[in-house]
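Work through the exercises below with the coordinates open. Each task is followed by a worked solution.

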Amino acid sequence: MRPIAFFNLCDILSRNNLLQLTKSVNIREQVVIFLHIIGHNVRFRVIGSRYYRSIETIHYYFRVVLRAILKLYKLVIRLPDESTPSEIRNNPRFYPYFKDCIGALDGTHVRASVPLSIQGRFRSCKRGTTQNVLAAITFDLKFSYVLVGWEGKYYLADAGYGIRNGYITPYRGVRYHLKEFSTQGPENAKELFNLRHSSLRITIERVLGILKKRFCVLDAESFWNFQAQVDIVLTCCIIHNHIMGVDPSDLLNQGLYEEPESDLIIPTLTEQEEREETREWPAKRDEIAQTMSTDYMARNIR
């Protein structure tokens, strides 16, 4: 976080009476201690020696700042309005085909430490115990909804983009990351749909990747109780939105705008996913793909 975002965050917390200046620790020090911990996954003892504070003091202000930032959730993380996002409206590759699209939706796993008695519920298929996080973002790269704290073994959502009253996933068994204007471009309506779908949906993969890169605490074994772990994930999402609003040119955020290079073939559906597919607007997807392909071919003929 650069100074402009840091000072602005301190001002917001102070102006809304969420943090109070004390005799021993001012507001900026309270916030920088908190950010240092979640940004670098540093233990309280190490932070205490660096800032010449007792472990009890560090623990107290960590909790104070955590609660304060959580209260910014409704102010910073907001659902999009009903209008077509400018990122779609102003791009002929996406408009009018995705005019009803309001954001991208995906899930991710965050490492979690839970009591031994319930570890089975939180054990993921990849590594250890995790909490499952479902996130939706708008195309200005901000979180619009975050659901945290679910058991790691559960399947929350397939990668897709959200439309009003539903969401649309890519075609399975079809190439996904392509380059539209190259010798290896899309060969049919489904590949063209997947190409443009990926151009929109890839934003959430980048946002989640940048989130974990910025906050090392999300990818490390936690030493807090589970409720604190859940709150920290929400807090990191709030801070991300704050940075995107105040300092979108932040160096870490620059990775959000890079184009994907490699092809990807979306695997075929499992039986469970086939059942889910019936609720994911396949008819709407087919309609969009066919219209998109017709327009694409007409432009190429001209």
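## Exercise 1: the pair H8 and H9

This is a predicted model. Helix H8 (residues 189–214) and H9 have axes that come within 11 Å and cross at roughly 105°.

**Task.** Classify the orientation of H8 and H9, and find which residues meet.

**Solution.**
1. Take the crossing angle, roughly 105°.
2. Angles of 65 to 115 degrees count as roughly perpendicular.
3. H8 and H9 are therefore roughly perpendicular to each other.
4. List the contact. H8 supplies Val-207, Leu-211 and Arg-214; H9 supplies Cys-236, Cys-237, His-240 and Ile-243.
5. Sort by class: five residues in the contact of H8 with H9 are nonpolar, one is polar and one is charged.

## Exercise 2: the pair H4 and H9

**Task.** Describe how H4 and H9 cross, and name the residues that meet.

**Solution.**
1. Start with the axes of H4 and H9: they come within 9 Å and cross at roughly 55°.
2. H4 and H9 are therefore oblique to each other.
3. The hand of this H4–H9 crossing is left.
4. From H4, the residues in contact are Phe-62, Arg-63, Leu-66, Ile-69 and Leu-70; from H9 they are Ala-228, Asp-231, Ile-232, Leu-234, Thr-235, Ile-238 and Ile-239.
5. By class, the contact of H4 with H9 has nine nonpolar, one polar and two charged residues.

## Exercise 3: inside H4

**Task.** Check the length of helix H4 (residues 55–70). Which of its residues are buried, and which helices do they pack against?

**Solution.**
1. H4 has 16 residues; at 1.5 Å a residue they should span 22 Å.
2. The end C-alpha atoms of H4 are 23 Å apart, which agrees.
3. Buried in H4 are Ile-58, Tyr-61, Phe-62, Val-64, Val-65, Leu-66, Ala-68 and Ile-69.
4. Relate this to helix geometry: an α-helix has 3.6 residues a turn, so residues three or four places apart point the same way.
5. The partners of the buried H4 residues are helix H1 (3–15), helix H2 (27–40), helix H3 (44–51), helix H5 (73–76) and helix H9 (226–246).

## Exercise 4: backbone exceptions

**Task.** Where does Leu-141 lie, and is Leu-141 buried or exposed? Which peptide bond is cis, with omega near 10°?

**Solution.**
1. Recall the background: most residues other than glycine have a negative phi, and most peptide bonds are trans.
2. Leu-141 has a positive phi, near 70°.
3. Leu-141 sits in the loop between strand S2 (130–137) and strand S3 (143–151).
4. Its relative accessibility is 4%, so Leu-141 counts as buried.
5. The cis bond runs from Tyr-95 to Pro-96. Pro-96 lies in the loop between helix H6 (86–89) and strand S1 (101–111).

Note on methods. Residues numbered from 1 in each chain as written. Predicted model: local features only at pLDDT ≥ 70, side-chain atom pairs only at ≥ 80, totals over all residues. Heavy atoms only, no water. Helix = DSSP H or I, 4+ residues; strand = E, 2+ residues; numbered from the N terminus. Expected span 1.5 Å × (residues − 1). Buried < 20%, exposed > 50% of the residue type's maximum accessible area, 1.4 Å probe, protein only. Contact = heavy atoms within 4.5 Å. Axes fitted to C-alpha atoms, helices over the stretch in contact; angles between N-to-C directions. Parallel < 35°, antiparallel > 145°, perpendicular 65-115°, else oblique. Nonpolar A, V, L, I, M, F, W, Y, C, P; charged D, E, K, R; others polar. Left-handed = near helix turned anticlockwise from the far one by under 90°.
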